[in-house]
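This report describes a protein structure, with attention to one helix and its surroundings.

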Amino acid sequence: MSSRVYLGRLSRDASRRDIERLFKNYGDIREVNLKSGFGFVEFADERDAKDVVYDFHGRNFLGERLIVELARGTRRHDERRTRGNDRSRSHYRLLVENIAPGTNWQDLKDMMRKAGEVTFADISRDRPSEGIVEFHVRDDMEYALKKLNDRELNGQRVQLREDVNKRSHRDDSPEREESRDRRRIKSESRSRSRSPVRSPSRSPAR
């Protein structure tokens, strides 16, 4: 079990001292690592981390309803900057519009993590003012729509709306299209190669 705790929907005003005071009765804190809108807290004892998750998830703190979960993977994994991958894709997807020039996918992901766990974020190469962001659960997606729509990102107010197309982008990947084409061609080839069915010959009537 992990002794590190993930904090989501964390107020920008939260400081290290605020976090230490919040968890002061829950054992020895080894490290507090705060980002913009989220952070990680490492405890000396994994049982203290579990108690914090149980007692503080969903609690109001500095005007925000906290997400408190056991951190997944190692510290290095949590800090790695990745868009996400096909295995982490979800149907809880928002379309993002009016993205400022020069904004990258990590800027977008960092902003949206204020609403909860983001599994994927990217910006269109063809239309760099548009992007997508996907959340682990619907509640986080709806919270982002409510709290982050029309918020500034790199000097421009981004517009959010739910993607009505719920099918994962994986279904439209070139690899899948190519695979379907190969199966279709192979099936047609087998059909053409079959010998025609002959009806049983009849002996001439005598």
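In which helix does Lys146 lie?

## Basis of the model

This is a predicted model, in which local features need pLDDT of at least 70 and side-chain atom pairs count only at pLDDT 80 or more, whereas totals for chains, interfaces and linings use all residues. Residues are numbered from 1 along each chain as its sequence is written, and side-chain values use heavy atoms, with hydrogens and water left out.

## Lys146

Lys146 lies in helix H5; helices (H or I, at least four residues) and strands (E, at least two) are DSSP runs, numbered from the N terminus. Lys146 has a relative accessible area of 68% and is therefore exposed. The terms are buried for under 20% relative accessible area, exposed for over 50% and partly exposed in between (1.4 Å probe, protein chains only). Between the C-alpha atoms of Lys146 and Leu160 the separation is 9.3 Å, and these residues are 14 apart along the chain.

## The buried side of H5

Helix H5 spans residues 138-147, and its buried residues are Asp140, Met141, Tyr143 and Ala144. They are on the same side of H5, because they cover an arc of only 160° around the axis; the arc is that of the directions from the helix axis to the C-beta atoms.

These buried residues pack against strands E5 (64-65), E6 (67-70), E7 (92-97), E9 (131-135) and E12 (159-162), where contact means heavy atoms within 4.5 Å.

## The chain as a whole

The protein chain has six helices and twelve strands, and 37% of its 206 residues count as buried. Among contacts between residues at least 6 apart in sequence, 67% join residues at least 24 apart.
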